[in-house]
Amino acid sequence: MSTAPIHAANPEELREVRFDAAMESQIAELLTHYPIPRAALLPVLWLCQKRYGWIAPGVMEAVAARLGLSPAYVQGVVTFYTMFHTTPPARFVLQVCTTLSCAVCGAGELLAHLRKRLGIGPGERTPDGTFQIVGVQCLGACGSAPVVQVNDDYYENLDPAKLDALLDELAAAKE
Ligand code: FES
């Protein structure tokens, strides 16, 4: 499997967001699946994250206006979930599960290995913007612990050697 890198829009570009026709049409289609606009908030935010790479304040405001919600409500939802990026992410976000099954099966060892190899820990990113580490709670794949989610993909039953091979593959990935 090869994970696609995230292309994060520049903060300047997202200062004031107007959805283009393609985004408008995708949002309109999503809304047909829900009884009220508010119920479509999470899928609309996913759509925005896919398009812009992260959820900037300008994106929250545009979503709020489109769905008839307050910006504060949208911000509350965005900041509740670790899956939404509120700052421009690195090309590859390594979400390391640190909950019980993964902790018992070596998540700590993986984090220590990442720190040794990349020089960063949870909440940090490499200076070249290639990798970022986030410590997260259970990813729902406890049977194949330890698990690291990279962007949208799961990598399971990891150990330091498999992690090294994965990092090599990701670092070599083309745009
Ligand atoms: S404890 Fe790590 S996936 Fe559930």
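Biologist: Happy to look at this together! Where is the place of Asn 157?

Modeller: This is a predicted model, in which local features need pLDDT of at least 70, side-chain atom pairs count only at pLDDT 80 or more, and totals for chains, interfaces and linings use all residues. Residues are numbered from 1 along each chain as its sequence is written. Helices (H or I, at least four residues) and strands (E, at least two) are DSSP runs, numbered from the N terminus. On that basis, Asn 157 sits in the loop between S4 and helix H7 (160-171).

Biologist: Thanks! Is Asn 157 buried or exposed, or something in between?

Modeller: A residue is buried if 20 or more other C-beta atoms lie within 10 Å of its own, exposed if 12 or fewer, and partly exposed in between, with C-beta atoms placed from the backbone. Asn 157 has 13 other C-beta atoms within 10 Å, so the class is partly exposed.

Biologist: What is the phi of Asn 157?

Modeller: Most residues other than glycine have a negative phi, and most peptide bonds are trans. Asn 157 is not a glycine, yet its phi is positive, at about 50°.

Biologist: Which peptide bond is cis?

Modeller: Look at Pro 146, in the loop between strand S2 (131-136) and strand S3 (148-150). Omega is near 0° for the cis bond, which runs from Ala 145 to Pro 146.

Biologist: Which residues of H7 does H6 meet?

Modeller: Two residues are in contact if their C-beta atoms, placed from the backbone, lie within 7 Å. From H6 come Glu 109, Leu 110, His 113 and Arg 117, and they meet Pro 160, Leu 163 and Leu 167 in H7.

Biologist: How do H3 and H4 pack?

Modeller: The axes of helix H3 (residues 57-67) and H4 are 8 Å apart, and the angle is about 120°. That makes H3 oblique to H4.

Biologist: Now Thr 82, please. Is Thr 82 buried or exposed?

Modeller: The loop between helix H4 (71-80) and strand S1 (92-97) holds Thr 82. Leaving aside neighbours within four places in sequence, Thr 82 is in contact with Val 134 and Val 136. With 11 other C-beta atoms within 10 Å, Thr 82 is exposed.

Biologist: Last one: how far apart are the centres of domain 1 and domain 2?

Modeller: Domain bounds come from an automatic or database domain assignment, which divides the chain into domain 1 (11-80) and domain 2 (92-171). Taken over C-alpha atoms, the separation of the two centres is 29 Å.

Key: Axes fitted to C-alpha atoms, helices over the stretch in contact; angles between N-to-C directions. Parallel < 35°, antiparallel > 145°, perpendicular 65-115°, else oblique.
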